[in-house]
Amino acid sequence: MLTRMFDERFALARLVLLAACGVGYLVLLRDPADPRNAFDWATDLTEFALVPLCARFPFAGALTQSAVLAVALLLGEDRAVIPIVGAGWATLELALRAPGRRLAVATVVLFAAHFADESRRLPADAVPLLYNILIIVGVPVLFGVNIRGARELARQAEARAADEQRRRVADTRAARADERTAVARELHDVVAHHVASIVLRVGVARHVLPDADPRTVAVLDDVHATGTAALADLRRLVTVLRAPDPAASVPGPAVVWIEPGSLPAALAAAADRARQAGVTVDAEVDPALAGLDAVRGLAVLRLTQEALTNVARHAGPTPHARLVVRLRDESVEWSVTDDGGRGGPRRSGPPVGTGHGLIGMRERVELLGGDLRAGPGTGGGWALATTLPAVGA
């Protein structure tokens, strides 16, 4: 809050408030028995008139205020309260906004203005004199430099936070794009499998119907040619998906294919791999999932693999996980929960909810119309759950 009060945008407001305080001092606090001559009033009013200059040009304002102070001390007032405060504050404003050589020059000028008036006390009072001047000059300078340093640190922290936020957004977008690419590759295999089956069956039909109506043969030939062309297009598409950069030499990740009816076995295999990694897995898999469509089946398998991998990486030394996959009214209810290592501390690493794996899981679920829920579980661990709606729901 303090650094915001001394922001450059509020310089004029600060100086106007200071001038108002000076006017209040002259009107309310000045000893009525101490009359002020015209010269004293002229120096005070000059200090007030220099407020806009100090706000717009702090270096010139600090030098001018110090010059007025010197004149007031040498030729006029014994106690030049207004010029002393005005020159000190002008130097503080300069320290807030323009440190370096100009601040050093303004500090020396302000010091000289005070020293010239007090030099008549030398050498008898040299130590008190110098101490007094150092306090009067040094406090505003150090105060301004300290506030400016704190303000710069705050700006740097805000810049770092903004950079970190941009990096997180970029990483999230990249993770979502990677997951979409993986989904596209898997969908290619699904579609290619069915199109290949159609082409094969059409080819068989062409051979087992030698005496068919010519129009039927023409239709079969057209379907066969169209299916063959579609397969060729799909192969070219998946080549692009697996290597977006033609110059890239690193192949894309392997695509897992699930044969129709094999999803329960694939989920059991994923649970077995987690057990080999030291995770105790209780799996409750609905046998009706054998009839699940390939798209949601792949999603369920991917979610299960990623969730069990998270348990193995981040849960405690003896993690226990529970996998539940049910088919309810054509919708798939899926969840994986763990106990946090049976009361032990979670292993080092990013908690569930901040990694790219979860971002990819959420992207895959949202593409299918679901909503992935992630957070602390009831047994001290973590819980992941979602419902994949029926196709067309």
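This is a predicted model: local features need pLDDT of at least 70, side-chain atom pairs count only at pLDDT 80 or more; totals for chains, interfaces and linings use all residues.
Student: What angle does the direction of helix H11 (residues 294–314) make with that of E3?
Tutor: H11 packs on the sheet and touches E1, E2, E3 and E5, contact being heavy atoms within 4.5 Å. Relative to E3, the direction of H11 makes an angle of about 5°.

Student: In what order do the 5 strands of the open sheet stand?
Tutor: The pairing in this sheet is mixed, where two strands pair if DSSP finds at least two bridges between them. Strand E1 (280–285) and strand E4 (373–376) each have a single partner strand, so one side of each lacks a neighbour in the sheet. Neighbouring strands are turned by 10° against each other on average, direction ignored. The order is E1-E2-E3-E5-E4.

Student: Which residue takes a positive phi in the hairpin of E2 and E3?
Tutor: Strands E2 (residues 320–328) and E3 (residues 331–338) run antiparallel and are joined by 8 bridges, with Leu 323 and Val 336 as bridge partners. The hairpin has 2 residues between the strands. The phi near 55° belongs to Asp 329.

Student: Which residue of E5 stands opposite Trp 334?
Tutor: E3 and E5 (residues 382–388) are antiparallel over 6 bridges. Along this pairing Val 332 stands opposite Leu 388, and Glu 333 has Thr 387 as its bridge partner. Opposite Trp 334 is Thr 386.

Student: How many of the 7 residues of E5 are buried?
Tutor: On its E4 side, E5 pairs in the antiparallel sense over 4 bridges, and Ala 385 of E5 stands opposite Arg 373. Buried means under 20% relative accessible area, exposed over 50%, and partly exposed in between (1.4 Å probe, protein chains only). E5 is largely enclosed by the rest of the structure because its buried residues number 5.

Student: How far apart are the C-alpha atoms of Asp 338 and Leu 384?
Tutor: Asp 338 belongs to strand E3 and is buried, with a relative accessible area of 9%. Asp 338 and Leu 384 are 46 residues apart along the chain. Their C-alpha atoms are separated by 9.2 Å.

Student: Is Glu 363 buried or exposed?
Tutor: Glu 363 lies in helix H12 (residues 356–367). Leaving aside neighbours within four places in sequence, Glu 363 is in contact with Arg 176, Glu 179 and Arg 180. Its relative accessibility is 3%, so Glu 363 counts as buried.

Student: Is Val 208 buried or exposed?
Tutor: Val 208 is in helix H8 (residues 126–208). The relative accessibility of Val 208 is 53%, so this residue counts as exposed.

Methods:
Residues are numbered from 1 along each chain as its sequence is written. Side-chain values use heavy atoms; hydrogens and water are left out. Axes are lines fitted to C-alpha atoms, for helices over the stretch in contact, and angles run from 0 to 180 degrees between N-to-C directions.
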